[in-house]
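Me: I would like a close look at one part of this model, with the terms spelled out as they come up.

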Amino acid sequence: MYKKIIVPIEMGTIERGERAFRKAATLLDAGGQIILLNVVQDVPTYIAVDLPPELIDNAIDDGRAQLEQLRLKTAIPAKVEIGRGPPAHGILAAAEAHQADLIIIASHVPDFSNYFIGATADRVVRHAKCSVLVDR
């Protein structure tokens with residue numbers, strides 16, 4: 001059905017990401033590609049002053065390691081990619097760069113401020129140029 005699928009995964013909810021990853025494998029055309037993506041959010045400068053300078057580098061390394069571990073655990077072929085910046089922007093940029101035809105994003109349990117599907121998922125749904133599947 002789909003040739004290129006982006007599966008963004010938040011490290012704090014990797015079990016939801018795993019479910020989305022497995023779903024992506026069932027929707028992938030033969031010869032297609034899944035890109036597992038984690039976007040590491042930059043820390044504002046006024047906060048970064050008090051944090052260790054290697055914090056972002058460690059988050060990037062940790063994200064890559066966890067996605068590689070997920071890929072090996074599931075035995076589903078995928079490319080692992082780490083982005084940097086605001087999550088929604090990173091997801092949309094990756095989808096555009098890879099010319100993805102589907103983004104599968106896991107939703108979280110919403111609070112009052114983002115009751116329907118979550119702030120990041122909402123932004124991705126509204127601005128993506130390809131289809132988006134929100135996994136509840």
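Which residue in strand 2 is the bridge partner of isoleucine 5? Please go on from there to the sheet and the helices packed on it.

Reply: The bridge partner of isoleucine 5 in strand 2 is isoleucine 34. The chain crosses from strand 1 through helix 1 to strand 2, a right-handed β-α-β crossover (right-handed if, with the strands pointing away from the viewer, the path from the first strand over the helix to the second runs clockwise). Helices (H or I, at least four residues) and strands (E, at least two) are DSSP runs, numbered from the N terminus.

This is a predicted model, in which local features need pLDDT of at least 70, side-chain atom pairs count only at pLDDT 80 or more, and totals for chains, interfaces and linings use all residues. Residues are numbered from 1 along each chain as its sequence is written, and side-chain values use heavy atoms, with hydrogens and water left out.

Isoleucine 5 also stands opposite leucine 102 in strand 4. Strand 1 (residues 2-8) pairs with strand 2 (residues 28-40) in the parallel sense over six bridges, and with strand 4 in the parallel sense over two bridges; two strands pair if DSSP finds at least two bridges between them.

The open sheet has five strands in the order 3-2-1-4-5, with parallel pairing. Strand 3 (79-84) and strand 5 (131-135) are the edge strands, each pairing on one side only. From one strand to the next the twist averages 25°. Axes here are lines fitted to C-alpha atoms, for helices over the stretch in contact, and angles run from 0 to 180 degrees between N-to-C directions.

Now the helices. Helix 1 lies across strand 1, strand 2, strand 4 (102-106) and strand 5, and runs at about 160° to strand 2. Helix 3 lies across strand 2 and strand 3, at about 155° to strand 3.

The axes of helix 1 (residues 14-27) and helix 3 (residues 55-74) come within 11 Å and cross at roughly 50°. The two helices are therefore oblique to each other (under 35 degrees counts as roughly parallel, over 145 as roughly antiparallel, 65 to 115 as roughly perpendicular and the rest as oblique). Their crossing is right-handed, meaning that the near helix is turned clockwise from the far one by less than a right angle. Ile14, Glu18, Phe21 and Arg22 of helix 1 make the contact with Gln66, Leu70, Arg71, Lys73 and Thr74 of helix 3; contact means heavy atoms within 4.5 Å. By class, this contact has three nonpolar, two polar and four charged residues. Ala, Val, Leu, Ile, Met, Phe, Trp, Tyr, Cys and Pro count as nonpolar, Asp, Glu, Lys and Arg as charged, and the others, Gly among them, as polar.
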